[in-house]
Amino acid sequence: MSSKNIKLIQTLRISSQILFLFLFYFLLIRTGKSNIEPSGYVDIFFYFDPLIFLLNIIATQAIQTLFLLSIIPLFLTLVFGRFFCGWVCPFGAINHFFSWIFKRSKKKNETINKNLLNLKYIILILIVIMAIMGTHIGGWLDPFSILFRSSTIAVNPAVNYSIEHSLKEGANDKSIVKKGLKPIYEFTKKNILKTEQKVYFQSILIGMIFLLIIFLNFFKRRFFCNYICPLGALYGLIAKFSFFNLKVNENKCKSCNLCSNNCTYNGSPFKDYMKSECLVCFNCLKDCPENSIEIKFAIPKKKNRTSIDLGRRKVVGSILSGIFISAFPRISNITKSKRHKFLRPPGSVSEKQFLQKCIRCGECMQVCPTNLIQPCFLESGIEGIWTPVLKPNIGYCEYECNRCTQICPTNAIEKLTIEEKKKFKIGTAVIDRNRCYTYVDGYNCGVCEEHCPVPDKAIRFREVEVWNFEGKLKKVKQIYVVTDLCIGCGICENVCPRSDHPAIYITAEEEQREFNY
Amino acid sequence: MKRRDFLKTSILVSSSIYFPSIINSKNVPKNSPVVKVHGDSPYKITKKAIKELGGMQKIISKQDIVMIKPNIAWNRTIEQAANTNPLVLKAIIEEVFNAGAKKIIIMDNTCHKPEETYKRSGIEEIAKKMGVQVRYADNNRLVEYDFKGERVKRWPVFKDFLEVDKFINVPVLKHHGSAELTIGMKNLFGIVGGRRGKLHRDLGMSIADIAHGFKTHLTIVDSFRILKRNGPVGGRISDVELKKTVIASTNIMETDVIAADVFGKKPEEIPFIKFAYEKKMGNIDISKINLKNFAA
């Protein structure tokens, strides 16, 4: 292949990576701009994710039609190898970029670390076995989930904050530099920034994990993709049978082994080429001084197949430990607990199904206009980490909004129309009679009654006489809750003027979805 | 100083401290007419009301920066009548621009998220089309303001409302659970920030304090559609009644008195009107108000 063509291919690969990265972030930001209704295609990346598809089939024993799209990259993998990782995956692009930033001269004798490379297959086996046993944790490690979650919860709010607090001060300043920044600020404000800074309880944890994954690229190129990514492992298993191959023209090759210099997995087509690890980045073609590497498409014959040498012991070991580990969430005390304190978004399926369907991607958190949906920590057990829960202290469920129900890619939150959502009971408001002003102080308050969005008012007034703190009887409009009308939207808890603990708050009492493990 | 003089002055001084409203009543125009217009088009009746008040140029000077403060608090549609009717606003914006104003700003501190309420109320669209600056309430722009009230003393107010030359208050008349009604004076809750929920203890007094401590140049009450029950959010069309009326005056309290009458309630029974009357902000007796009725 001529060096001109090689350059072209390289440019194509990089532009494709940039394109998909931009597409991902364009859709992500679009998802979060609250004045745009979600239009069905913002979650499109997840539909091209065969790992999620596989786990979803195992967990729910049903096929979601849109996920059939994920068969397309699988078929293409049969032809082109792991092109998806090298050309499409936006998280791969980020890792690729940082591997390039952290690039250093190759250490001597840096060879393929087969044990590390095999790690991702073990992780894949673990995840699949655990899904079969009923514990669905693929979302923690799926690259799209990681990227979407980290962006929603940590990266975007952090960028939002820094721009607001650096550029905005500048936008009001009169110096020429800062005046120049004004249009940039106004553009970002209009298209990217949120009107209101979003806050998440776990920003720091998720942000640090994201940073860690990026800094791991310092030690090995594309660390996450090569050694951890279960989706990459799945593609690797299929790439084994792909038509794509790199061949060294032995007449030209001078055995310099320069081709392994920039290889993502430290291999080379010259020596131990591994089809299932090759990310089709074509760095080796560029590095070869003799142009001796050729792309060949051929039907893979059995003897030519590079085997993924996992070893029987590792496979059996990971299967057995998968079975063992998946039992732990099932025997955690939460499964027998008679009560629970967390709230799930409107339209959520029953708790057991929810944990199996939810891929912890955080799209519902991104789309929620009021910041109500937050990543869960330990409230719903270890298994439920980063699943969505509602925190009415931070936001409230907007009565005229059903965005989270529209966006969920795996239907853990089922699709509801606005009319259906208005009737969906998330929980019930409970009055703390030791705190409410209308009960203890003999004051009129009624902020919760004012905000209650149910047309009939689920919070109502009754005129009673209350002993106030001066020991006098006083006529007060006291609030009470009509449990049957309350939908648990949480605006009452959100606006309650008590500073310590809300005098009215939402509990999971009477929630519409079933709660059974 | 003689003992008698000393006693006289000390009584005067102490009473003037006790009744700050006696000295601090610059915000209250006396004997100003209240105009009530009835008609089928919210746009036309508003135009008529402004004309009968003597025209907008009586209030707005050339090159003024004008703040129009409608009620955009809730994520509800025009038919649900929880926000100010955009057609009423359209007429006001036109008149203000015709009077020679340099710039008009529309802003409200909303209860639901502003991105939603500005859009669904239809106000953002009509305002932007007419070249009005639409602002969201930004908590970074809060400054302490002294209302000199009994209940509300220093309280954070959005700078935007203090930096303008003229302030036009355009509330919508509707039912309100804890305040009985929300009209002009209650609409001024949209200029304050902070923990507004805290103001709901003694809500009537807080409303009167804020209305008394802040200068309103013109109040135009949209009572074209009014929410009779389950306010201030509402949401059910059957709770909405067509009154097809607009009430306008430079005196905020007297506008509220007439609006309460339009709603069908006795003004004396509305706590905040009662408190405003005690602060001498206007007449509570409808027969004493300089009321003019028109049809358009």
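**Words and their cut-offs**

Reader: Why is B:Lys69 called buried?

Author: The relative accessible area of B:Lys69 is 1%, and buried means under 20%, exposed over 50% and partly exposed in between, with a 1.4 Å probe and protein chains only, so B:Lys69 counts as buried. This is a predicted model, in which local features need pLDDT of at least 70 and side-chain atom pairs count only at pLDDT 80 or more, while totals for chains, interfaces and linings use all residues. Residues are numbered from 1 along each chain as its sequence is written, chains are lettered from A and ligands numbered from 1 in the order in which they are written, and side-chain values use heavy atoms, with hydrogens and water left out.

Reader: What do A:Glu400 and A:Lys422 form?

Author: Their side chains meet in a salt bridge at 3.5 Å, N to O. A:Glu400 lies in the loop between β4 and α18 (403–407) of chain A and A:Lys422 in helix α19 (residues 418–423) of chain A, so the pair ties together parts that are 22 residues apart in sequence. A:Glu400 and A:Lys422 are both buried, and they belong to a network of salt bridges that also links A:Glu419, B:Arg76 and B:Arg120.

Reader: How many salt bridges are there between chain B and chain A?

Author: The count between chain B and chain A is 6, whereas over all chains the count comes to 39. One that joins A:Asp456 to B:Arg236 has an N to O separation of 2.7 Å.

Reader: What makes up the contact between chain B and chain A?

Author: The contact, which means heavy atoms within 4.5 Å, takes 32 residues from chain B and 34 residues from chain A. The buried area, that is, the accessible area (1.4 Å probe) that two parts lose on being put together, summed over both, is about 2,900 Å², and carbon and sulfur atoms give 42% of it.

Reader: Why are the buried residues of α3(B) said to line one face of the helix?

Author: In helix α3 (residues 42–52) of chain B the buried residues are B:Pro42, B:Ile45, B:Thr46, B:Ala49 and B:Ile50. Seen down the axis of α3(B), these residues fall within an arc of 135°, so they line one face of the helix; the arc is that of the directions from the helix axis to the C-beta atoms. An α-helix has 3.6 residues a turn, so residues three or four places apart point the same way. The buried residues of α3(B) pack against β1 (34–38), α4 (86–98), β10 (218–227) and β11 (240–249) of chain B, while B:Lys44 and B:Lys51 are exposed on the other side of α3(B).

Reader: Which residues make the nonpolar surface patch of about 980 Å²?

Author: The patch is made by A:Phe201, A:Ile204, A:Leu205, A:Met208, A:Ile209, A:Leu211, A:Phe215, A:Phe377, A:Leu378 and A:Ile382. Patches are made of residues with over 30% relative accessible area and no salt bridge, like charges being joined within 9 Å and nonpolar side chains (Val, Leu, Ile, Met, Phe, Trp, Tyr) within 5 Å; accessible areas come from the Shrake-Rupley method with a 1.4 Å probe, and for residues only the protein chains shown count as cover.

Reader: What makes A:Leu378 and A:Phe215 partly exposed?

Author: A:Leu378, in the loop between β3 (373–375) and β4 (388–390) of chain A, is partly exposed because its relative accessible area is 46%. A:Phe215, in helix α11 (residues 203–215) of chain A, counts as partly exposed because its relative accessibility is 45%.

Key
A salt bridge is a side-chain nitrogen of Lys or Arg within 4 Å of a carboxyl oxygen of Asp or Glu. Helices (H or I, at least four residues) and strands (E, at least two) are DSSP runs, numbered from the N terminus.
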